[in-house]
Amino acid sequence: MTTTDTTALPSRREQNKLANRQAIADAALAMLRSKGVGNFTVEDIAEAAGVSRRTFFNYFPSLEAALASVTEGFLDHALEQFRLRPSDEPILDSARAALMALADPMTVSPMAELFSLTHDNRALVRSELEAWDHCTTQIIDAARLRLGPGVDELYLRALAGSIISCGKAAMSVWFEQHGPDLSPESLASLRQHLIDAIGLLGSGFTAPAPHGTAPAPHGAASRNQPAADPHHSA
């Protein structure tokens with residue numbers, strides 16, 4: 001007998017809410033792209049998204065929060081992939097595999113575009129940092145669920161904070177190298193920076209060998225083979 005599990009499927013109401021939220025976030029990014037920082041309002045975003053001003057504030061407390069949700073969207077997708085990983089897999093391996101699962105470089109495009117358009121605006125940078133903090137909390141929750149009760153709280157918070165710091169570092173290095181370039185090649189570079197940053201964390205930040213030097217001896221940690229973290233199983 002075949003049964004269908006519908007508990008994980010969002011209701012029509014939830015689907016509409018997600019669609020409204022996404023429409024507002026998309027409109028906010030489109031406004032930023034076309035008008036520039038400081039040249040549009042919440043009302044402009046709401047009109048472009050086809051919702052009322054009141055509906056906008058049902059989803060976001062501010063214009064800055066609507067823009068920050070673009071970054072949250074990518075991080076949420078990465079967390080979804082993390083939760084699909086085997087429960088006995090080392091957490092840092094799961095984190096790196098989650099990023100690799102987002103194989104299309106275009107998945108990082110909205111986050112990359114937002115970063116390139118807002119990196120020199122303090123208010124928007126602050127909101128984007130809040131988006132990263134939101135993801136930190138989610139990483140802690142996901143790791144706690146993976147590892148079970150009794151896991152050390154310092155370990156959880158240090159782990160989540162380190163992962164987020166690696167993500168921020170990857171974004172900064174990418175922007176220094178490519179600027180506002182959002183070509184597929186540039187986005188592929190950003191995706192690889194994110195993956196490599198987690199690999200560096202997993203290896204204990206073993207310095208990569210300079211170009212032209214001999215490879216590390218067999219068994220040595222490398223940035224492409226992250227070491228297992230001490231809390232690798234539930």
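The lining of the second largest cavity divides into 4 nonpolar, 2 polar and 2 charged residues. Here Ala, Val, Leu, Ile, Met, Phe, Trp, Tyr, Cys and Pro count as nonpolar, Asp, Glu, Lys and Arg as charged, and the others, Gly among them, as polar.

This is a predicted model: local features need pLDDT of at least 70, side-chain atom pairs count only at pLDDT 80 or more, and totals for chains, interfaces and linings use all residues. Residues are numbered from 1 along each chain as its sequence is written, and side-chain values use heavy atoms, with hydrogens and water left out.

### Exercise 1. The second largest cavity

Name the residues that line the second largest cavity, and give its volume.

*Solution.* 
- Start with the term. On a 1 Å grid over the protein atoms alone, a cavity is a set of points where a 1.4 Å probe fits but cannot get out; a pocket is an open set with protein on both sides within 12 Å along at least five of seven lines; lining residues have an atom within 4 Å of a point.
- Points are joined across faces, edges and corners, and a volume is the space filled by probe spheres set on them.
- The volume here is about 30 Å³.
- The lining consists of Glu-64, Leu-67, Ala-68, Leu-114, Thr-118, Leu-124, Ser-127 and Glu-128.
- Helices (H or I, at least four residues) and strands (E, at least two) are DSSP runs, numbered from the N terminus.

### Exercise 2. The largest cavity

Find how many cavities the structure holds, then characterise the largest one.

*Solution.* 
- The search of the whole structure returns 2 cavities of 30 Å³ or more.
- The largest has a volume of about 280 Å³.
- Its lining has 18 residues, and Ala-78, Ala-95, Leu-99, Ile-139 and Ile-163 lie nearest the centre.
- By class, 17 are nonpolar, 1 is polar and none is charged.
- Helices 4, 5, 7, 8 and 9 each give at least two residues to this lining. Helix 4 gives the most, with 5.

### Exercise 3. The largest pocket

Which helices supply at least two residues each to the lining of the largest pocket?

*Solution.* 
- They are helix 1 (12–35), helix 4 (63–83) and helix 6 (109–118).
- Helix 4 has the largest share, 10 residues.
- In total 21 residues line this pocket; nearest its centre are Gln-22, Ser-69, Glu-72, Gly-73 and His-77.
- The pocket volume is about 480 Å³.

### Exercise 4. The cores

Identify the residues with the most contacts inside the largest nonpolar core.

*Solution.* 
- A nonpolar core is a set of buried Ala, Val, Leu, Ile, Met, Phe, Trp, Tyr and Cys residues joined through side-chain atoms within 4.5 Å. Buried means under 20% relative accessible area, exposed over 50%, partly exposed in between (1.4 Å probe, protein chains only).
- The largest core has 41 residues, and Phe-74, Ile-163 and Leu-194 have the most contacts inside it.
- Helix 8 (153–178) contributes the most to this core, with 11 residues.
- Take Ile-163. Leaving aside neighbours within four places in sequence, Ile-163 is in contact (heavy atoms within 4.5 Å) with Leu-92, Ala-95, Ile-139, Ile-198 and Leu-201.
- Another core lies apart from the largest one; it has 22 residues, including Ala-27, Val-42, Tyr-59 and Leu-114.

### Exercise 5. Phe-82

Is Phe-82 buried or exposed, and what does Phe-82 touch?

*Solution.* 
- Phe-82 sits in helix 4.
- Its relative accessible area is 9%, so Phe-82 is buried.
- Beyond four places in sequence, Phe-82 touches Ile-91, Ser-94, Ala-95, Ala-98, Ala-142 and Arg-146.
- Ala-101 is 19 residues from Phe-82 in sequence and 9.2 Å away in space, C-alpha to C-alpha.

### Exercise 6. Helix 6

Why is helix 6 described as largely enclosed by the rest of the structure?

*Solution.* 
- Helix 6 is so described because 8 of its 10 residues are buried.
- These are Ser-109, Met-111, Ala-112, Glu-113, Leu-114, Phe-115, Ser-116 and Thr-118.
- The cover over them includes helices 1, 4, 7, 8 and 9.

### Exercise 7. Fold and confidence

Count the helices and strands, then locate stretches where pLDDT stays under 50.

*Solution.* 
- The protein has 9 helices and 0 strands.
- Of its 234 residues, 41% count as buried.
- Among contacts between residues at least 6 apart in sequence, 69% join residues at least 24 apart.
- The average pLDDT (the predictor's confidence in each residue, from 0 to 100) is 84, and 85% of the residues score at least 70.
- Residues 1–7 stay under 50, with 0 contacts beyond four places in sequence.
- Residues 217–228 also stay under 50, with 19 such contacts.
- Where pLDDT is low, the predicted coordinates should not be read in detail.
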